[in-house]
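Visitor: I would like to learn how to read a model like this one. Please take me through it feature by feature.

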Amino acid sequence: MISKLLPYLFLAILVIGFGVLVNGFSSYGETRHTYISSGAIIIAGATIALAIYKGGK
């Protein structure tokens with residue numbers, strides 16, 4: 001049951017990462033860099049997790 005929902009969880013995390021990234025592009029100053037780097041880290045982590053999950057199947 002949970003293993004069927006895992007890809008959707010990874011995709012949801014990807015969407016959150018893109019949201020943080022877009023929020024960073026619309027911000028100014030130091031917050032901008034924080035949001036952009038956080039978004040990039042979230043996207044990278046979710047992509048790697050999704051790739052590991054797909055590779056293990």
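Visitor: Leaving aside neighbours within four places in sequence, which residues is P7 in contact with?

Guide: Contact here means heavy atoms within 4.5 Å. By that test P7 is in contact with L50 and Y53, once neighbours within four places are set aside. Keep in mind that this is a predicted model.

Visitor: Where does P7 lie?

Guide: P7 lies in helix 1. P7 and A49 are 42 residues apart in sequence, yet their C-alpha atoms are 9.1 Å apart.

Visitor: Is P7 buried or exposed, and why?

Guide: The cut-off for buried is under 20% relative accessible area. P7 counts as buried because its relative accessibility is 14%.

Visitor: Which other residues of helix 1 are buried?

Guide: Besides P7, the list holds F10, L14, G17, V20, L21 and G24. These buried residues pack against helix 2.

Visitor: And which residues of helix 2 are buried?

Guide: They are G39, I43, A46, L50 and Y53. The packing is returned: the buried residues of helix 2 pack against helix 1.

Visitor: Which parts does the pair tie together?

Guide: F10 sits in helix 1 and Y53 in helix 2, so the pair ties together parts that are 43 residues apart in sequence. Both F10 and Y53 are buried.

Visitor: Is S27 buried or exposed?

Guide: S27 is buried, because its relative accessible area is 12% and the cut-off is under 20%. Its side chain reaches the backbone oxygen of N23 at 2.8 Å. Not counting residues up to four places away in sequence, S27 touches R32 and Y35.

Visitor: Now the whole chain. How many helices and strands are there?

Guide: The chain has 2 helices and 0 strands. For overall form, start with the radius of gyration. The chain has 13 Å, whereas a compact globule of 57 residues would have a value near 10 Å. The box tells the rest: along the principal axes, the C-alpha atoms fill roughly 45 × 15 × 10 Å.

Visitor: What share of the chain is buried?

Guide: Buried residues make up 23% of the 57 residues. The accessible surface comes to about 4100 Å², and carbon and sulfur atoms account for 75% of that surface.

Visitor: What share of the contacts comes from residues 24 or more positions apart?

Guide: Take the contacts with a separation of 6 or more. Residues 24 or more positions apart account for 50% of them.

Methods: Residues numbered from 1 in each chain as written. Predicted model: local features only at pLDDT ≥ 70, side-chain atom pairs only at ≥ 80, totals over all residues. Heavy atoms only, no water. Helix = DSSP H or I, 4+ residues; strand = E, 2+ residues; numbered from the N terminus. Rg over C-alpha atoms; globule rule 2.2 N^0.38 Å. Buried < 20%, exposed > 50% of the residue type's maximum accessible area, 1.4 Å probe, protein only. Areas by Shrake-Rupley, 256 points an atom, 1.4 Å probe, with all protein chains shown as cover. Polar contact = N/O pair within 3.5 Å; in protein donor to acceptor, adjacent residues only side chain to side chain.
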